[in-house]
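User: I'd like to go through this model with you. Can we take it topic by topic?

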Amino acid sequence: MAENEQNRAGGAASAVSPPGPLDKFLNIFTDVRGGEGLSALFLFVNVFLLLSSYYLLKTIREPLVLAAQAGGAEVKSYASAAIAVLLLALVPAYGAIASRVSRVKLINGVTLFFIACLVGFFFWSRAVGIPGMAVEGAPAVPPGAGQLALGVSFFIWVGIFNLMIVAQFWAFANDVYSVEQGKRLFALVALGASLGAIAGSVAAKGLIVAYGLYPLMGLAAAILGLCMVLTNLVHVRERSKIAAGKERAAAPDEPTKADADAPITGRSGFALVMTDRYLLLIACMMLLLNLVNTTGEYILGETLTNIAKGMVAHGQLADADIGKWIGSFYGTYFTWVNVISALLQAFVVSRAIKWLGVAGALLVLPLVALGAYATLAFLPLLPIIRGAKIAENSLDYSLNNTARQTLFLPTSREAKYKAKQAVDTFFVRFGDVASAGLVFAGTTWLAFTPRHFAMVNAGLVLLWLGIAFALGRAFKVKSGETRAAEGSPAR
């Protein structure tokens, strides 16, 4: 305790470094102060590479699971539910490891595990072979149980990898920044995720045509190795600042050198979530967000299918061209979502959080979603659905994503690593599973149309809005914003 107080006092007394050329350049996007630019840039590149590797693997995942002729789209639905079940065991296991090692050993170990998995999948893929996608030297094996096992296993693995590795990155970012810094710098860091998603999806198309599926697994493994190097650089840099007494202004939530090297002890992620009102609110918000969003994607997909069938019935579209027409629509749709979310992330998010605060930023997406689904309940037209989903997803991937990552800044270190894994993996995936259950019940027993699902979503958004409001108030209390506004010092 004495060491912690001394470190914090030393940070308060230290002179603020003058902004260098990098700091000044990054001020285009957000408020970057002297000495903050390099670590922020490392984190930006780190999450850029993480999302690029995920989209490479996501592109590989689809042909692997669909090429297994006994599998197909139905297998994907079952695999999504399996991911949620597996996370019930993986989240506590992650917490148990975190209790025994320091943050950098935890991150290195988990990253190396995922790299080893990719190496294993690479050799498994070459041994099994995928029809029409074999590369030189790979045996031609008829489709069968081996390919189905490979496709399903890889689908489940990618789903778990994406959730856990991104949650771990943001836990680390929450650990190295104070509340004040995170509110300023997370907008810049999250821009790396937006650009990485675009870069990975664009690069994957050309790379698969040129080199086939299998080499992309090796490329993704190499990218993860580089991410691990960047994490270690940030760890050493921020730890050295603390040790030298030149770190950020003192704050009760601020990590110390001892924190950086210590194991992340405490309860499991699920126990933390279930016994802490603030963490439980975050979990409920994430569950509802994904329930609403995934159901919205079903509304869009079902509307497209019905329109395509109507065009075929009226002779405006050949039956064989339905897939091409829907694929063309989604290509344009995803482009708009990615471009708008990247622009919002680069030039709007930091300013919106500055003026609205984290609490206000949390309300923007549910308010937009409420207006969108209320409109769709009365006017379920494709242009309206498309515009609503573009607005919803672009805000989710930019402003809302940055605001929700900020929620863990004023929490304990065990919550940052363990509870965040539970929230960002299990509760996110459970929202998707709940949506699948809602769609099944609505289409099987209740004869719901897209209009009915929009009405249900509007009701769910009202609940989400209430939780976001309560969560914003709780964040103000935990981060000291309420005390600061009242003129008393945060303690």
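User: What should I do with low pLDDT?
Analyst: Where pLDDT is low, the predicted coordinates should not be read in detail.

User: And what does the protein chain average?
Analyst: A pLDDT of 83. At least 70 is reached by 83% of the residues.

User: How many helices and how many strands?
Analyst: The protein chain has 17 helices and 0 strands.

User: What share of the residues is buried?
Analyst: Buried residues are 52% of the 491 in the chain.

User: What about contacts with a separation of 6 or more: what share comes from residues 24 or more positions apart?
Analyst: Those residues account for 82% of such contacts.

User: On to the core. Which residues touch the most other members of the largest nonpolar core?
Analyst: Trp-157 and Trp-464, in a core of 137 residues. Helix H6, residues 145-176, gives the most to this core, with 18 residues.

User: What is Trp-464 in contact with, leaving aside neighbours within four places?
Analyst: Met-285, Leu-288, Leu-289 and Val-292 are among its contacts. Leu-365, Pro-366 and Ala-369 are on the list too.

User: Switching to H7. How many residues does it have, and what does it reach end to end?
Analyst: H7 covers residues 179-211, which is 33 residues. From first C-alpha to last it reaches 45 Å, close to the 48 Å expected at 1.5 Å a residue.

User: Where does H7 bend?
Analyst: At Leu-185, by about 45 degrees.

User: Is Ser-52 buried or exposed?
Analyst: Ser-52 is buried, because its relative accessibility is 8%, and the cut-off is under 20%. Ser-52 sits in helix H3, residues 37-67. Beyond four places in sequence, Ser-52 is in contact with Gly-196, Ala-199 and Gly-200.

User: Cysteines next. How many disulfides?
Analyst: The count is 0.

User: Is Cys-117 buried or exposed?
Analyst: Buried, because Cys-117 has 17% relative accessibility. Cys-284 counts as partly exposed, at 31%.

User: Where does Arg-239 lie?
Analyst: In helix H8, residues 214-243. Arg-239 counts as partly exposed because its relative accessibility is 27%.

User: Which loop holds Ala-447?
Analyst: The loop between helix H15 (413-444) and helix H16 (450-479). Ala-447 has a positive phi, about 55 degrees, although it is not a glycine.

User: Is Ala-447 buried or exposed?
Analyst: Exposed, because its relative accessibility is 57%.

User: Then Pro-450. What does Pro-450 touch, not counting residues up to four places away?
Analyst: Pro-450 touches Ile-299, Glu-302, Thr-303 and Asn-306. Pro-450 is found in helix H16. Pro-450 is buried, with a relative accessible area of 15%.

Key: Residues are numbered from 1 along each chain as its sequence is written. This is a predicted model: local features need pLDDT of at least 70, side-chain atom pairs count only at pLDDT 80 or more; totals for chains, interfaces and linings use all residues. Side-chain values use heavy atoms; hydrogens and water are left out. A nonpolar core is a set of buried Ala, Val, Leu, Ile, Met, Phe, Trp, Tyr and Cys residues joined through side-chain atoms within 4.5 Å. Buried means under 20% relative accessible area, exposed over 50%, partly exposed in between (1.4 Å probe, protein chains only). Helices (H or I, at least four residues) and strands (E, at least two) are DSSP runs, numbered from the N terminus. Contact means heavy atoms within 4.5 Å. The expected span of a helix is 1.5 Å times one less than its number of residues. The bend at a residue is the angle between axes fitted to the seven residues ending there and the seven starting there. pLDDT is the predictor's confidence in each residue, from 0 to 100. A disulfide is a pair of cysteine sulfur atoms within 2.5 Å.
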